[in-house]
Amino acid sequence: MLINKVSDQIKKSKFISRDLSWLRFNYRVLDQARDTNKSIFDRLKFLAITASNLDEFFMIRVGSLYNYIDYGKERTDYSGLRELPFRKKLLDYSHRFVNDQYLTYNNELKPLFEKSGFDVLLVDELTEIEQKKVDTYFKNTIFPLLTPMVYDNYHGFPLLMNQLLTFGVVTRTEEEQKAQDRLTFVQIPQNLARFYEISRKDKLVFVPIEEIIRWKIKKLFRNVEIVSVNLFRITRNGDFTLEESDDIDADFVQEIKAKLKTRKKGRVVRLEVERNPSAFMMNILKERWIIDNANVFTINTLIDFKGIWQIINHRQFKDRCFKQPSSIMPQSMPSDSIDLFQYLKEHDVLLHHPYNSMEPVVHLLERAPYVLGIKQTIYRLADQSRVTAALLKAAENGKHVSVLFEVKARFDEERNLKEGDRLEKAGCFVIYGISKYKTHTKMLMIIRKEGEKVTRYVHIGSGNYNEQTARLYSDVSLLTTDEVYAHDVSEFFNVITGHSRPNEYKSLMTSPVKLRQQLIELIRNEARNAKKGLKSGIVIKINSLEDKEVMEEFYKASKAGVPIKLIVRGICCLRPGREDLSENIFVKSIVGEYLEHSRIYYFHNSGNPNVYSGSADIMVRSFDRRIEALFLLLNEDLRREAITILHYNLLDNSNSYIMREDGTYVKKRPAPGEEVIDIHKVFYTRNIYENTDIELV
């Protein structure tokens with residue numbers, strides 16, 4: 001009865017739970033691991049991504065829920081459920097997902113390993129010579145790093161680290177004529193490789209590090225009886241709402257550093273444990289961490305699929321998994337252009353990554369001999385970043401370099417602090433975020449003296465200044481010297497680095513000031529046109545849709561007769577196709593070879609389309625707690641290019657999932673005789689910049 005009541009409540013709500021929607025997105029990623037048309041390495045890659053996604057989900061989203069539960073605060077989800085009923089629903093769904101993850105690995109992927117040139121084996125499956133090698137590795141490398149930590153009447157409960165594999169070893173000794181059980185923890189150091197690698201003539205063998213330790217566990221427990229050896233892994237609450245910090249009088253950088261340390265002590269929200277664990281151990285852990293069976297996930301194979309990256313990235317297989325970066329340039333921009341600065345003085349360029357290389361952006365930073373100054377926002381960087389190297393070189397050459405490093409970029413905080421410190425020491429002017437706002441916008445301005453004239457070269461985009469992810473994420477960015485953009489971006493930098501309140505921008509919409517209201521006005525304009533009998537329409541491609549105010553406007557526009565097509569990769573809290581609410585709204589998600597990360601907003605505007613791109617999704621945090629920017633495409637040719645990108649996203653029938661009114665998704669398949677359109681291939685081969693007018697609505 002209670003289950004039916006909960007289901008009815010969820011169905012009645014006109015919005016869909018953000019967290020349940022996210023779990024459905026991770027299912028779409030898991031679908032890629034099940035795709036038999038992909039190589040085993042691609043499939044393993046997507047399985048590893050689902051594991052990484054789920055770790056972050058538990059740390060942040062489940063962690064956030066527990067902030068309400070633990071501190072007695074009320075919370076009502078979009079589904080209409082309060083904290084405890086929603087916790088049950090969320091964890092039940094998570095159990096189902098984890099079960100499907102492991103069925104995929106055990107039944108669909110592992111049987112393919114041997115014929116693919118590798119295998120994952122236990123120690124007792126090795127030859128005698130191989131076991132001797134493993135024994136030597138244990139003695140010389142593993143054993144010295146292991147530290148048993150006993151918990152009993154004389155020893156306090158140790159601090160167990162977040163997301164590290166841990167053995168809980170139950171031992172027994174005879175004390176005062178009765179058996180006494182003790183629990184000892186052995187954490188596997190994170191600096192050890194996940195697998196020990198063995199080369200055979202016909203294949204590579206990967207031996208899980210935990211199985212080597214299990215094989216030799218008696219070396220740590222001499223002269224005592226081992227009752228059970230249990231492998232487990234915990235996930236702690238990592239949600240400290242850094243975006244919402246209002247302690248603006250404190251030293252902001254020190255505040256972030258202090259909060260990073262607390263991640264080690266956050267409450268446990270998930271316990272992954274192998275089958276048939278010791279009841280003695282489980283009782284202790286559940287009581288200690290105030291968790292129940294809903295938080296416990298029983299695993300019947302490898303714990304933590306993120307370790308599979310060691311196999312995927314192995315030098316012997318890497319070329320089979322990752323495409324080489326494209327050097328394709330937009331048709332309007334010859335790839336052999338010698339003087340990019342001169343070219344940009346005469347042409348605007350819209351880059352579509354990864355189909356267009358990120359090289360022109362890095363090129364501008366690395367080859368600016370007459371540069372006067374550089375201003376840039378940075379959210380995430382690549383390892384060994386060429387962007388950082390270029391900024392350092394410019395500063396060392398006496399150029400003015402201003403960088404806003406966002407130290408609240410989740411899980412990249414420490415790296416950004418380190419990189420910011422390097423730039424400061426080189427003489428750059430570095431700002432570490434802006435009080436309670438997270439700077440998520442992506443902007444770059446190069447000020448260059450050319451004879452008697454000063455030209456401002458501007459780059460604005462939807463993606464990070466990260467050369468590595470630019471090969472794997474789809475993003476859109478603009479390169480221009482247009483004075484309208486240059487003026488707006490210059491004003492914007494004055495706002496975020498100083499104390500300025502500019503007049504209206506001509507080409508930008510920004511948050512946290514007006515972005516939500518400006519988008520709402522664009523939606524309302526389409527609704528007004530529809531009511532007048534004029535043609536109208538909205539097509540938007542984003543990562544997430546969650547803001548209730550904007551969704552309410554979509555519903556109103558739908559009722560007014562506006563056709564609305566939404567391409568939402570991940571979270572979508574709007575219900576499409578509900579009678580008398582959203583009958584004119586269509587939603588699809590694209591999940592495939594590349595992570596769809598670009599944002600493009602199209603409003604028909606009576607045949608004179610307004611088309612925007614930039615960093616912002618339709619989320620509460622994007623409007624209220626982040627510094628974001630969307631830029632209007634002023635150039636007609638570039639506007640046509642963006643419209644064409646949207647057009648093929650709508651046509652795609654290979655990576656697309658159609659969202660139903662109940663929040664579930666159905667994989668789109670080409671109809672008999674229908675052309676197969678895979679945008680992750682089309683954009684490499686098709687001339688998407690063709691001079692053709694496309695009607696999106």
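Residues are described as buried when their relative accessible area is under 20%, as exposed when it is over 50%, and as partly exposed in between (1.4 Å probe, protein chains only). The model is predicted, and local features therefore need pLDDT of at least 70, side-chain atom pairs count only at pLDDT 80 or more, and totals for chains, interfaces and linings use all residues. Residues are numbered from 1 along each chain as its sequence is written, and side-chain values use heavy atoms, with hydrogens and water left out.

Helices (H or I, at least four residues) and strands (E, at least two) are DSSP runs numbered from the N terminus. In helix H8, which spans residues 279–289, the buried residues are Met281, Met282, Ile284, Leu285 and Trp289. Viewed down the axis of H8, these buried residues fall within an arc of 165°, so they line one face of the helix, the arc being that of the directions from the helix axis to the C-beta atoms. The face turned away from this buried side carries the exposed residues Ala279, Asn283 and Glu287. Just after H8, isoleucine 290 takes a positive phi of about 55°.

Strand E20 (residues 564–568) is largely enclosed by the rest of the structure, because four of its five residues are buried. Strands count as paired if DSSP finds at least two bridges between them. E20 pairs in the parallel sense with strand E19 (residues 538–542) over five bridges, and lysine 541 stands opposite isoleucine 567 in E20. E20 also pairs in the parallel sense with strand E21 (residues 585–590), over four bridges, where leucine 566 stands opposite valine 587 in E21.
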